[in-house]
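Hi,

Here is the model I said I would pass on. Have a look at it first, then read my notes below.

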Amino acid sequence: MISRFIKYGGLTGKVRAMYGNRLKSDDFKKLASINTVPEIAMFLKAHPGWSGALDELTMADIHRGSLEARLRNHLLDEYQRIFKFMSREDRPIMAYPITRTEIDQIMLFLRFLKAGRPQDYVFSAPSFYENHSRIDFDALRECTSYAGFLDVMRGSPYFPPLVALTLPGGEIPEYPVVETVLRAQYYHTFLTAVDKHYRGEIQSILRRSVGMQIDILNITRVVRLRRYFQIAGKDIWNYLIPVHFKLKPAYIEALFAAPDEQGAQEILNSGPYGKLFSAHSFTYIEEYYYQQLYDFNHAYIHSGVPSVYTAIAYLTLRDIELKDLINVIELVRYGTSVDRAPTKIVSI
């Protein structure tokens with residue numbers, strides 16, 4: 001325990017100080033009352049948690065897309081600084097945002113490919129991520145088919161699951177199915193690194209964090225499949241990450257087969273995550289995922305033992321903060337009432 005405090009004490013102090021600069025509930029209320037996107041940019045430029053994203057910014061260049069891109073890249077740069085601060089033995093586990101960025105870029109490219117515009121794809125993350133990736137993202141723009149895309153993916157950890165999705169005639173696989181296999185690859189990579197490099201309490205925390213994420217993501221997917229897609233019960237497993245933490249297959253099948261929304265809600269309330277689903281009433285099922293992430297990581301930042309997970313918890317909370325911030329920007333840009341927000345802002 002003492003060695004852990006020596007090793008991670010400085011990191012924990014740094015992270016907690018950085019977290020103190022986050023946007024809080026009152027800040028979000030002020031942002032939601034602003035009338036234009038440039039005014040939001042001015043507010044953020046004066047805020048200690050986001051001012052770095054808007055250095056050398058001229059208000060004449062600000063619009064929704066450019067502001068959101070700057071904010072996203074600011075968090076990617078923040079991760080880069082923390083990554084360099086970590087010890088060499090922690091770097092394999094801290095590489096998870098690079099994996100996530102790779103997956104985001106793959107999914108973005110496939111959207112362009114399916115739309116017949118692969119040449120319009122541009123790698124949009126800081127060069128640090130491209131330099132640490134085994135994927136030649138620039139080569140993707142030359143791909144005109146799924147087979148050509150697979151050639152670029154060859155040699156990456158994503159090639160085996162992606163090639164397994166190859167369809168007759170070279171059609172691009174369903175987007176949700178591709179997303180599922182890539183998410184599964186992401187979590188497999190993370191858990192493999194956890195088991196290789198950690199033991200005891202920290203290994204347990206890392207595995208519990210990932211397990212809860214997978215469970216809530218699978219619940220979210222089942223609820224969406226129930227509501228919006230006509231598929232047979234046996235086919236739901238094609239859309240779910242094949243890892244079970246607290247959820248049993250029988251529970252997932254019962255949730256999907258519930259006779260109506262009330263029945264599904266009762267199953268959610270009585271299941272392993274019943275406290276989460278009974279304590280909150282979100283319009284959009286995805287918000288339960290972010291609430292669970294927030295609750296777990298907020299508690300760890302404040303009271304968890306210093307460890308590599310301190311950095312992960314901080315970066316996770318910043319991701320949620322960015323999600324909420326982008327929601328506000330879009331509300332202001334399109335003149336939407338806060339009461340009609342597309343997703344609920346998590347109170348932070």
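Predicted model: local features only at pLDDT ≥ 70, side-chain atom pairs only at ≥ 80, totals over all residues.

Residues are numbered from 1 along each chain as its sequence is written, and side-chain values use heavy atoms, leaving out hydrogens and water.

Helices here are DSSP runs (H or I, at least four residues), numbered from the N terminus. In H2 (residues 25-32), the buried ones are Asp 27, Phe 28 and Leu 31; buried means under 20% relative accessible area and exposed over 50%, with a 1.4 Å probe and protein chains only. They line one face of the helix, because they fall within an arc of 100° seen down the axis (the arc is taken from the directions from the helix axis to the C-beta atoms). Asp 26 and Lys 29 are exposed on the other side of H2.

Now the cores (sets of buried Ala, Val, Leu, Ile, Met, Phe, Trp, Tyr and Cys residues joined through side-chain atoms within 4.5 Å). The largest nonpolar core has 98 residues, and Met 94 and Phe 149 touch the most other members. H12 gives the most to this core, with 12 residues. A second, separate core has 21 residues, including Leu 31 and Ile 326.

Cheers

Technical notes: Helix = DSSP H or I, 4+ residues; strand = E, 2+ residues; numbered from the N terminus.
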